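User: I want to learn how to read salt bridges in a model. Can you take me through them?

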Amino acid sequence: MKTFTKTYLSAQAQQQSLAHHRWIARTNPDVRIPRIVQVRPTEIDFEHLEGRHGGPDDLVALANLLGHQHTSAHTRELHAARLDTPHTHDTITITGFADGRRERLHRLLASGTVPEPALTPEAADDWLKQAAIMPAAFYKDSNPRNFLIADADVAVIDFDSLTLAPFGYDLAKLVVSTAMTTGPLPEDAIRRAVDAYNHHPRQRGLPGCSWREFAAWCEFHHVLTTPYLGTNGYRFSWHTTRPSWTTDVLRYLDKESAP
Ligand SMILES: Nc1ncnc2c1ncn2[C@@H]1O[C@H](COP(=O)(O)OP(=O)(O)O)[C@@H](O)[C@H]1O
Ligand SMILES: [Mg+2]
């Protein structure tokens with residue numbers, strides 16, 4: 001079998017990736033992921049999958065997949081999780097939403113290197129506090145290079161990162177990182193992506209992600225992904241590509257009806 005070998009910086013990082021792969025396989029059993037063919041202390045041989053990376057035309061299909069993944073994981077397991085507490089199941093512990101992320105947000109916001117953030121450190125803390133009691137989904141770094149698309153089949157790859165996150169957070173990563181790769185996205189495509197995503201939690205009686213929450217999570221990703229601008233194919237900063245409603249909806253507390 002053709003394989004794709006991934007090398008890790010440490011045996012611990014490799015172990016963590018294996019645990020994440022097992023967890024995704026269990027909580028998203030109908031989602032295509034590469035099989036693990038062989039394991040060495042700092043390497044994993046994954047089944048090689050054919051396909052291209054995601055792009056702007058795939059937003060709605062990928063949003064649909066993410067909504068399904070998050071709702072499936074919530075229904076099967078994460079309904080018992082609190083976002084501000086690490087979630088342990090068998091041999092895996094998934095870190096809480098604020099763990100590490102709060103410090104990174106504060107450090108980057110204080111550094112002055114993030115162009116035009118629509119988020120103050122206080123606002124970031126407030127969102128993290130609000131998130132603590134939101135229904136739990138997960139973040140697995142949904143940048144467009146972590147999907148392999150072949151015709152109508154989408155496979156999910158890259159098991160390095162996994163944390164608890166509110167519904168909509170990893171969708172916002174997909175939208176921000178796609179815009180950072182290819183430039184401004186049609187506003188209608190973003191609206192349809194959020195709707196396609198929310199269809200899944202709402203079918204299960206869960207609230208999904210509001211426009212305001214989505215806008216806030218986009219700003220989190222703006223701050224956290226800015227250090228990678230100029231690498232990984234990121235050629236555009238979110239502050240030059242974001243739709244104006246995303247900052248308006250955060251600025252005016254009474255505005256919920258975007259876009
Ligand atoms: N199982 C696989 N089959 C084919 N290509 C893969 C596979 N896993 C990763 N790749 C390719 O390698 C790239 C980087 O792999 P990824 O696991 O996302 O590592 P990174 O940590 O560098 O983001 C992916 O974007 C994809 O193009
Ligand atoms: Mg990757």
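Predicted model: local features only at pLDDT ≥ 70, side-chain atom pairs only at ≥ 80, totals over all residues.

User: What is a salt bridge, and how many salt bridges does the whole structure hold?

Analyst: A side-chain nitrogen of Lys or Arg lies within 4 Å of a carboxyl oxygen of Asp or Glu. The search finds 17.

User: Which parts does the pair of lysine 6 and aspartate 160 tie together?

Analyst: Start with the contact: their side chains meet at 3.0 Å, N to O. Lysine 6 sits in strand β1 (residues 3-7) and aspartate 160 in the loop between β8 (153-156) and β9 (163-166), so the pair joins parts 154 residues apart in sequence. Helices (H or I, at least four residues) and strands (E, at least two) are DSSP runs, numbered from the N terminus.

User: Is glutamate 47 buried or exposed?

Analyst: Buried means under 20% relative accessible area, exposed over 50%, partly exposed in between (1.4 Å probe, protein chains only). Glutamate 47 is buried, at 11%. Its salt-bridge partner, arginine 35, has its closest N 3.6 Å from the closest O. Arginine 35 is exposed, at 51%.

User: Where do lysine 173 and aspartate 141 fall, buried or exposed?

Analyst: Both are buried. Their salt bridge spans 2.9 Å, N to O.

Key
Residues numbered from 1 in each chain as written. Chains lettered and ligands numbered in written order. Heavy atoms only, no water.
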